[in-house]
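Student: I have a new structure open and would like to go through it with you. Could you start with whatever term I will need along the way?

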Amino acid sequence: MTLLCVCPQMANLVTSLCCVVLAAVVVAYAQRRSQLVARNQYERIGSDVTMQCGFLDNDASVSWKVNGTDVKDHHRLEGPRLILSGVALGHSGLYSCFQNPHGERRDTIYLHIGLIPREPTVTCRSNTYPKGFYCSWHQVHPTYIPTTFEVDVQHNQRSLEVQKDPDHKNRCRVRFPEVFSSFPYTVNVTAVNALGKASNTISFEESSIVKPDPPERVTATPIRFNARRLEVSWQSPATWPDIDNFPLKYFLRYRPLIKEQWQHVELSDSTSHIITDAYAGKEYIIQVAAKDTEIGTWSDWSVAVHATPWIEEQITSTTEVDIPTETKTSPIPSSNAPQKAERPVGRAARLLTFFSPLLLGMLLLCMCGAQRSCSH
């Protein structure tokens with residue numbers, strides 16, 4: 001009976017000892033891991049920073065290194081603590097502490113120096129009306145440390161779904177819950193980092209944020225035999241989803257490069273226009289903007305195109321003959337061109353010319369003598 005009573009007590013004792021040993025192992029592992037893995041510490045520019053070397057006692061003696069070298073900036077040591085005064089961005093880095101006298105590393109801290117975020121600048125715009133709109137934001141002043149943004153959109157006392165833009169870090173998209181709504185939209189953007197947060201809220205009417213993208217594929221071509229005309233054409237922006245039910249009007253501006261003043265033409269829903277008052281022979285720069293016919297604001301200007309009105313080509317007459325200049329060398333005739341015979345020159349030619357009458361007289365006498373012989 002006694003053995004039966006003692007055995008359960010021994011079993012409890014063994015279990016307790018096992019738990020103690022296991023806890024010690026876990027603590028030792030955690031401490032060892034903390035020595036190997038750097039932990040992050042965020043501090044504000046200009047503040048005094050204290051870094052604690054692990055779990056060492058206040059009377060522990062330690063030495064510190066930053067990015068592998070001894071800490072040289074103005075600092076002081078208080079037991080296991082390193083104190084930096086008036087930190088700047090240059091104090092950011094990887095700090096490690098080592099326990100004396102053996103130099104065993106006890107802790108590693110990645111110090112990040114930055115600023116609390118300020119109110120972000122927020123703008124919203126609908127370039128896909130009536131499908132939806134997007135909001136974008138940015139920090140006017142950098143924080144130098146990772147900063148995230150929280151976005152909340154309210155309409156008619158209910159929260160709307162916000163979709164982060166995959167192509168733009170600081171942009172989100174929201175679908176219009178209804179069209180032609182008289183209730184305003186409220187957008188709140190909060191900037192958050194390890195040092196604090198700041199938010200900004202804007203409100204707007206649906207109609208005030210409608211702004212199409214600029215027209216696309218703008219071309220300008222001269223018109224043949226018209227020295228003062230240019231034909232301009234373009235296409236509506238591809239992002240505008242319903243051009244039939246929500247048509248756009250256009251604004252054309254143009255000027256010659258030699259002048260600074262623009263000329264303007266506002267058009268209804270036409271996507272082409274003929275400029276009739278261009279300066280002949282002058283290069284022009286041309287741009288187009290777009291706007292919903294009823295609400296919103298004008299888009300930005302399209303990419304500029306350049307064109308020059310038609311210039312009459314000067315035709316050279318084919319009857320004109322070039323007079324060759326006199327040279328001392330004889331021209332080399334073409335092998336295919338027919339050649340003229342040259343007149344004989346020299347003494348033989350002059351003798352033949354001199355004796356030709358005499359030879360002709362002798363020939364006549366011979367002919368007369370021959371006739372008399374035949375008659376006898």
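Tutor: Buried means under 20% relative accessible area, exposed means over 50%, and partly exposed covers what lies in between. Please keep in mind as we go that this is a predicted model.

Student: Okay, so is K249 buried or partly exposed?

Tutor: K249 has a relative accessible area of 19%, and because buried means under 20%, K249 counts as buried.

Student: And which residue does K249 form a salt bridge with?

Tutor: The partner of K249 is E266, and the closest N and O atoms of the two are 3.4 Å apart. This pair links distant parts of the chain, since K249 belongs to strand 19 (residues 248–256) and E266 to strand 20 (residues 263–267), 17 residues apart. E266, at 48% relative accessibility, counts as partly exposed.

Student: How many salt bridges does the count come to?

Tutor: The count comes to 8 salt bridges. Among them is the one in which the side chains of K211 and D300 meet, at 3.1 Å from N to O.

Student: Where do K211 and D300 lie?

Tutor: K211 lies in the loop between strand 16 (196–204) and strand 17 (216–223), while D300 lies in the loop between strand 22 (284–292) and strand 23 (305–307), so the pair ties together parts that are 89 residues apart in sequence. K211 is partly exposed, with a relative accessible area of 23%, and D300 is also partly exposed, at 45%.

Student: Switching to cysteines, how many disulfides does the structure hold?

Tutor: The structure holds 2 disulfides. One of them joins C53 to C97, with an S to S distance of 2.0 Å, and it links C53, in the loop between strand 2 and strand 3 (62–66), to C97 in strand 7 (residues 93–99), 44 residues apart. Both C53 and C97 are buried. C124 and C135 also form a disulfide, with their sulfur atoms 2.0 Å apart, and both of these cysteines are buried as well.

Student: What about C172, which is in no disulfide: how far away is the nearest cysteine sulfur?

Tutor: The nearest cysteine sulfur to C172 is that of C135, 5.1 Å away. C172 is buried, with a relative accessible area of 0%.

Student: Last topic, which residues form a nonpolar patch on the surface?

Tutor: I45, L89 and Y144 form that patch, and together they have about 260 Å² of accessible area. I45 is placed in the loop between strand 1 (39–44) and strand 2 (49–52).

Methods
Residues numbered from 1 in each chain as written. Predicted model: local features only at pLDDT ≥ 70, side-chain atom pairs only at ≥ 80, totals over all residues. Heavy atoms only, no water. Patch = residues over 30% accessible without salt bridge, like charges linked within 9 Å, V, L, I, M, F, W, Y side chains within 5 Å. Areas by Shrake-Rupley, 256 points an atom, 1.4 Å probe, with all protein chains shown as cover. Salt bridge = Lys/Arg side-chain N within 4 Å of Asp/Glu carboxyl O. Helix = DSSP H or I, 4+ residues; strand = E, 2+ residues; numbered from the N terminus. Disulfide = S-S within 2.5 Å. Buried < 20%, exposed > 50% of the residue type's maximum accessible area, 1.4 Å probe, protein only.
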